[in-house]
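Here's a quick tour for anyone meeting this structure for the first time. Take a look at the model, then read on.

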Amino acid sequence: MFRNGYHKTGIKALDDDAFKKAFKNFVSKDFSYRENFLQKHFKKSIDGYSYLGQEDSLNQYDFDQLHSFVLSRFNNLDDFPDEFRPLLTEPWDKILGLVKNLERQVLEKIGDNEVVKFYERHIGHMMSANYYPAECCLGQERLSMHKDVSMFTVFPFGVDRDLEFLVNDSWESADALKEVIIFPGYLIERISKGSIKAVEHRVRQPEGVIERFSFAIFSIPIPDHRFVLDDKPSTTTEFMDEYLNLF
C-alpha cells in the first residue's frame, strides 16, 4: 500500500498556520532563550530543541539545514516554551485523534497481529517540527537521507515536493501538497522482522531561496516500556540507542 514509499490517504491536510507562527516566533528569540529548551533539559524521549549546526542533536546532523523541535506529552507541559504550550492541548488532541485513526486503518490493512499488539501496548506519539531558513539553501540537501525512528510517520499538514523518497534506487518527489500522508519507519521494520521496510527519505534543495516548514507525527515506544524485538527482551531506551547507532 506504500506506493513510492508512502501512502496518500485522501484525507484533507490540516491547517498548520498556528504551528508555523509558533516556531517562527521561537527561532526569532535570542539563543540565550532558545538554549533553555535543548534536548538535554528534557527528561523523557528526545523532546526539545536542535539548532542549525548543532553537533550533539539526537535527530539531525550538524550539516543539516534546519532548526527542529521535538514535541510530545511525554514530558510536562510546563517544560516547553510559551510558544508551543497552547498547541500541546486541544490542537494536539485533534491531530492525534486523526493520526491514531489513520494508523489503525493502516494496521488493519497490513494484517500483522504482532505489529497490532505492539502498537496497542507500547506506542505513544511525538511531533518533529522543522524550520528551514531561506538563507541556508546551500549544498545538495536540506535534510540528509535517513529512516525515521517511528513505527509510522504521518504528515497531518501535508508535504511539499522537496520531500523525496528512495524508491528502487531513485529519488521520487512527494506529491500530496494538501493531503495527509503516512509511511513506515524503522520500528515497524524491526517489529515485523523486515517484512515491512522503512522508507529512506530526504529533503532536497528547493528551486529558489525560500524558507520551509514541516511537521511530522512519529509513533514511537512510550518511555520506560519493556517489550520484545527479534524474540529478545528490549526497552525503549535500548531501541532508541539502536536507532541512533545507525548514523
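Buried means under 20% relative accessible area, exposed over 50%, and partly exposed in between, with a 1.4 Å probe and protein chains only. This is a predicted model, where local features need pLDDT of at least 70, side-chain atom pairs count only at pLDDT 80 or more, and totals for chains, interfaces and linings use all residues. Residues are numbered from 1 along each chain as its sequence is written, and side-chain values use heavy atoms, leaving out hydrogens and water.

## Out in the open

Phe63 counts as exposed because its relative accessibility is 53%. You'll find Phe63 in the loop between strand 2 (48-50) and strand 3 (67-72); helices (H or I, at least four residues) and strands (E, at least two) are DSSP runs, numbered from the N terminus.

For background, most residues other than glycine have a negative phi. Asn168 sits between strand 7 (163-167) and strand 8 (170-173), and Asp224 between strand 11 and strand 12. Asn168 is exposed at 73% relative accessibility, and Asp224 is exposed at 63%.

## Tucked inside

Now for helix 6 (residues 236-244), where Thr236, Phe239, Met240 and Tyr243 are buried. They cover an arc of only 100° around the axis (taken from the directions from the helix axis to the C-beta atoms), so they end up on the same side of helix 6. Their cover includes strand 5 (141-146), helix 5 (186-191) and strand 11 (212-221).

## Salt bridges

There are 16 salt bridges in the structure, each one a side-chain nitrogen of Lys or Arg within 4 Å of a carboxyl oxygen of Asp or Glu. One of them joins Glu120 and Arg104, with the closest N and O atoms 3.2 Å apart. Glu120 lies in helix 4 (residues 113-122) and Arg104 in helix 3, so this pair ties together parts 16 residues apart in sequence.

Arg204 and Glu164 also pair up, at 3.3 Å from N to O. Arg204 belongs to strand 10 and Glu164 to strand 7, so this bridge links parts 40 residues apart in sequence. Glu164 is buried, with a relative accessible area of 6%, whereas Arg204 is partly exposed at 24%. Through shared partners, salt bridges join Glu141, Asp162, Glu164, Arg202 and Arg204 into one network.

Technical notes
Contact = heavy atoms within 4.5 Å.
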